[in-house]
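User: I would like to go through the labels attached to this structure. For each one, please set the value against the cut-off and conclude.

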Amino acid sequence: MRREVRGVWVATVNNIDFPTCESIPQFQEAFIRILDTLEHYHITDLFFQLRPCNDAFYASELNPWSEYLTGAQGKDPGWDPLPWMVAATHRRGIKFHAWLNPYRVTGRKVGEDAATKEELLSSLHEENFARKRMDLVVLDGRGAPILNPGEPHVKQFILDTIKELVEKYDIDGIHFDDYFYPYADIGKNDEVTYQTYRLEHESLGDFRRRNVDEIIYAIHRYLQTVNMETNRKLRFGVSPFAIWRNYSTDQRGSKTNGAQTYDDHYADTRKWVKKQWIDYIVPQVYWEIGHPHADYRELVSWWADVVKGTSVDLYIGLGLYRYGSSEVWNRESTLLDQLAFNRTVPEVKGHVIFSYRHFHRTDCPPLIKVLEKIRTQYWNESSKSTVE
């Protein structure tokens, strides 16, 4: 038996859920507020974004200190917050997952913040991998730089980053979200990489998917080895955009009509489940029941079928942030009906909510009522706390 996962994402990129901190007491106070909220809602798992943009919320020899922590990339806060964060989280009986964005370099863009890629990357801290290896960076369709997923040195750098985290800190797992090849396609900006490393007769799409497959598999194998050698129980999971492929494209896909992570992000998330390269998957099912293009029930049922016969746990990513955005998302019933439906699907082993700051919003009265009902009806201590 494993406990039902009740998780929350804390996003640090652009300080979405966590502030820039000028002192150690300020940091600790902000983090303790998070833990108090998690404990109030009986939350079991914290997914904290430790590496939002090729940087770090921890003392790293590979990634500079994050600007979202100290206000300037590379600025030393004078301590390593991560051991304290993990210990404080564990004292509350909550799991701490290290959430990393593997490829994003910065949110700034060529054409808006700099004239050229070189000028933009030169503004990063001198120890930033992307600044030291500008040749391994490509631009997406908006002019934002990412580490080129097809470059062997990039794959090794990402794996080394994860090894550093696992070896230094008592974290409970490694977590990726939905950013693989970017939403704004990189076009032909990786043409040289493709021609250099592609297999015979391999299409560009298959080449890109293989690149992402290789880093997912490498992390899987590494964590397996660590767990066997140290008797740890580190878990590896991914939270993708919820549509793998539409049925109209591939009869194995869901009866939806939207962007496809297989074709647009080159992330074969269904394969990772079937191959059991991950321990859990958290599709971001941020649409309501009855949505004309991406019905919530259709997607949850589709993912439930995908995990059947595997050891991969299914948690559902819930879009709490959507409250107040439309008439549908002003109804208390919208998210509560999703939770009620999930209780009818045995394969659903938990939920993760995006994101933390929405637990403290006061601008949407229906949301306040929804949160209280989640706490008292679905996530109370006497409700289902373990799953098969």
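Analyst: The model is predicted, and the labels are taken below one at a time.

User: Why is W65 called buried?

Analyst: Buried requires under 20% relative accessible area. W65 has 11% relative accessibility, so W65 counts as buried. W65 is found in the loop between β3 (45-51) and α2 (67-70). Its C-alpha atom and that of N15, 50 residues apart along the chain, are separated by 14 Å.

User: How do you know whether I174 is buried or exposed?

Analyst: The relative accessible area of I174 is 0%, so I174 is buried. I174 lies in strand β7 and touches A98, L100, I162, V166, L223, R235, F236, G237 and Y280, leaving aside residues up to four places away in sequence.

User: What makes both faces of strand β7 covered?

Analyst: In a regular strand, side chains alternate between the two faces of the sheet. In β7 (residues 173-176), G173 and H175 are on one side, I174 and F176 are on the other, and all of these are buried.

User: How do you know which strands pair with β7?

Analyst: A pair of strands needs at least two bridges. Strand β4 (residues 95-100) is joined to β7 by 4 bridges, and the two run parallel; here L100 has F176 as its bridge partner. Strand β8 (residues 235-238) and β7 also pair in the parallel sense over 4 bridges, with H175 opposite G237.

User: What makes the strands a barrel, and in which order do they close?

Analyst: The 8 strands close in the order β2-β3-β4-β7-β8-β9-β10-β11, with parallel pairing. Strand β2 (residues 5-10) is joined to strand β11 (residues 348-353) by 4 bridges, and these two run parallel. R6 stands opposite H351 in β11.

User: Why is the pair of F48 and F57 called edge-to-face?

Analyst: Ring centres must lie within 6.5 Å to pair, and planes over 60 degrees apart count as edge-to-face. By this rule the count comes to 33 aromatic pairs. For F48 and F57 the centres are 5.9 Å apart and the planes stand at 70 degrees, so the pair is edge-to-face.

User: What makes R209 and R198 count as charges over rings?

Analyst: The charge must be within 6 Å of the ring centre and within 35 degrees of the ring normal. The charged end of R209 is 3.9 Å from the centre of the Y262 ring and sits over that ring. The charged end of R198 sits over the ring of Y194, at 5.5 Å from its centre.

User: Which residues have the most contacts inside the largest nonpolar core?

Analyst: They are F31, F48, F176 and I216, in a core of 113 residues. Helix α11 (residues 296-307) gives the most to this core, with 8 residues. Among the residues that F48 touches are V10, F18, F31, I34, F57 and M85. A second, separate core has 10 residues, including W9, W99, V282 and Y286.

User: How do you know what length to expect of helix α6?

Analyst: The expected span is 1.5 Å times one less than the number of residues. Helix α6 (residues 152-168) has 17 residues, and the expected value is 24 Å; from first C-alpha to last it reaches 24 Å, close to that expectation. Its buried residues include V154, F157, I158 and L165.

Conventions
Residues are numbered from 1 along each chain as its sequence is written. This is a predicted model: local features need pLDDT of at least 70, side-chain atom pairs count only at pLDDT 80 or more; totals for chains, interfaces and linings use all residues. Side-chain values use heavy atoms; hydrogens and water are left out. Rings of Phe, Tyr and Trp (its six-membered ring) pair if their centres lie within 6.5 Å; planes under 30 degrees apart count as stacked, over 60 as edge-to-face and the rest as tilted. A nonpolar core is a set of buried Ala, Val, Leu, Ile, Met, Phe, Trp, Tyr and Cys residues joined through side-chain atoms within 4.5 Å. Buried means under 20% relative accessible area, exposed over 50%, partly exposed in between (1.4 Å probe, protein chains only). Contact means heavy atoms within 4.5 Å.
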